[in-house]
Amino acid sequence: MTLPAFADYTPERYRNEIEEAMAHQRDGLAALRDDPSPATLGTVLEAWEDARAPLNLILSAFYTVRSSDTTDEIDAIAEDFAPRLAAHSDAISLDRGLYERLKQLDARIAAGEVDADEQDRWHVSDLLEDFERAGVALADDDQERLRALNQRLAELGSQFQRLNREARNAATLHVTQEELAGLSPAEIASLADGDGFRVEVVNTTQQPIAAKLADAGLRRRLLDASLGRALGDHDTRAVLIETARVRAERATLLGFDTHAALVASEGTAKTTGAIEAMLIPLAQAALGKAREEAVELAAKYAELQPGAEFTAADWTYVEGLLRKERFDFDESELDEFLTVDRVVGAAYDAATDLYGITFRRREDLVGHTADSEVYEIADADGSPIGLFLMDLWARPTKNGGAWMTQLVEQSELTDDLPVVTNNCNFRQGVETVSWDDVITMFHEFGHALHGLFGRAKYPSRSGTAVPRDFVEFPSQVNEHWAWQPGRVLPAEWLDKLRAASEFGLGYAKAEALIAAVLDYAWHSTPLDELPTAVDDVAAFEAAALERHGLVDELVPPRYRSQYFAHIWGGGYAASYYGYTWAEVLDADAVAWFEENGGGTRANGDHFRSTLLGVGGGIDPMETYRRFRGRDPELQPLLKRLGLTI
Ligand SMILES: [Zn+2]
């Protein structure tokens, strides 16, 4: 188990090692391509992995640090390398000689001249498809244009990330102690800033802190700051318009109608029609449910503030009050159970109970940030599984949200064991977290387990190396274990919490599904119908949602276009639907656990051996069928959400 020596890395060293690793991959692939001997697994697939490994390793370390604790120098390296790495990747995926060499191997396997197992066959066929989707068959001048577009997209993605982070910081509100009424003394203390207090804005439109703010004026200012960010200073709109336009042009060049069609072909959904047929009716049903909720909330608000208009800024606050009234429930009563240590420990314990794995803290190892904790993970029989790094804390140099990264890929070829990270944004100095934070933590740890359990032959297929619309499914299944009685909360609290959290589910689902529809609109609109001017972004957004009856001032999308980091700077373009697509699998898989006795070791082992451990080693939908015994069904998700379509 090799952990990158983070403490030894200077910006200069990152630069040098990235350069060297790019050269290594170029040389290795040239040798693979020009090898005159008959194609074999060793001379093609294993050589492919050997060429790729050093660059993958150094970039994983670099981007992990950049996401969790960046500096101006690190940002500068990322921006410098973005177009060069895009060109590097194009040089590979547009190399007809490499493609021909893979086809030779494929033909030899088909002819029975090379003995290949299902992982070898899947690896070859999927690589060939990737080459075809990347434009290897295009004429020279079209390939030239494609290279230019790819480079531009890489630059734009980096610019968006920087502007969006700056815009989020710039949206911070400076407030007085009186305005913070409703927060606990500890929460107020954690917001102290010089003589006053500061309230920072998070990634999403709705700001979780607003649920506790009694001051309607501050709630309004906070939502306005959130909705209005990235429009004036740190304006992202020119970047996002160009991004959408370049993607549309690129898709056409590659023979697809739209970028969404191209992305659908990479996933397990396969077609935009299949995605829209799931997404739009679900979004409409969820908005319908949110509107029913709005009637109740507005009535409550009229009692509280006679004559005042109930708006989206009041939604989470009034929802919290009603929830307390109706379910005799105040989330702050959970504080004694929701300390950071307890919650994190509960996620680890759940994995021990399900999979038999153990955690040993390695104080001697330095993680990707100064505050991260390193754990050695071992199997029930004591054999090592991999290393896990946990960085819990928010800092101004960290991206918002929570995520997992795969620092070192597992491989049966190299005998490498995996090293993965989890990154949260808990506020240091605040003892407790919210129930949403608990779910997020279990979710990210689900990704970590998917990475840690990898037992694939080829490193590039291990663990979470599955399509976007599949990768969120194992992490969502892991959220389920936070709900086990006694795991985080005693059973009586769980019943209350479940009833209370089902209240308001319409809103939560609607805002996320509306954002997914917005993503889909940006990426399924042909080039000549996309906006060209920054002032047209809001109108495009409104029209895209209006078309499906999804505009409602009370239920704004979870992200507005100008701060939708997932799709402009985070690799989720035309893929945000994937969370819901994966939720279909999640609900169907959880139903399997329930039908078979719940979270037992036997059930955990079955999930691990048929699906988690296989990762992307073979077709992920085939792993699903081996786990479930059939294809996924939608009904368990509809039941969970209380929706009918
Ligand atoms: Zn996730």
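**Sheet and backbone torsions**

Strand β1 pairs with strand β3 (residues 196-199) in the antiparallel sense over three bridges, where two strands count as paired if DSSP finds at least two bridges between them. Helices (H or I, at least four residues) and strands (E, at least two) are DSSP runs, numbered from the N terminus. This is a predicted model, in which local features need pLDDT of at least 70, side-chain atom pairs count only at pLDDT 80 or more, and totals for chains, interfaces and linings use all residues. Residues are numbered from 1 along each chain as its sequence is written.

**The sheet**

- Three strands form an open sheet in the order β1-β3-β2, with antiparallel pairing.
- Because β1 (173-175) and β2 (192-193) each have a single partner strand, they stand at the edges, and one side of each is left without a neighbour in the sheet.
- Within the pairing of β1 and β3, leucine 173 stands opposite valine 199 in β3.

- Most residues other than glycine have a negative phi.
- Histidine 234, which is not a glycine, has a positive phi of about 55°, and its place is in the loop between α8 (216-227) and α9 (237-253).
- Alanine 574 also has a positive phi, near 55°, and lies in the loop between α19 (565-568) and α20 (578-595).

- Histidine 234 counts as partly exposed because it has 19 C-beta neighbours inside 10 Å; a residue is buried if 20 or more other C-beta atoms, placed from the backbone, lie within 10 Å of its own, exposed if 12 or fewer, and partly exposed in between.
- Alanine 574 is buried, with 28 other C-beta atoms within 10 Å.
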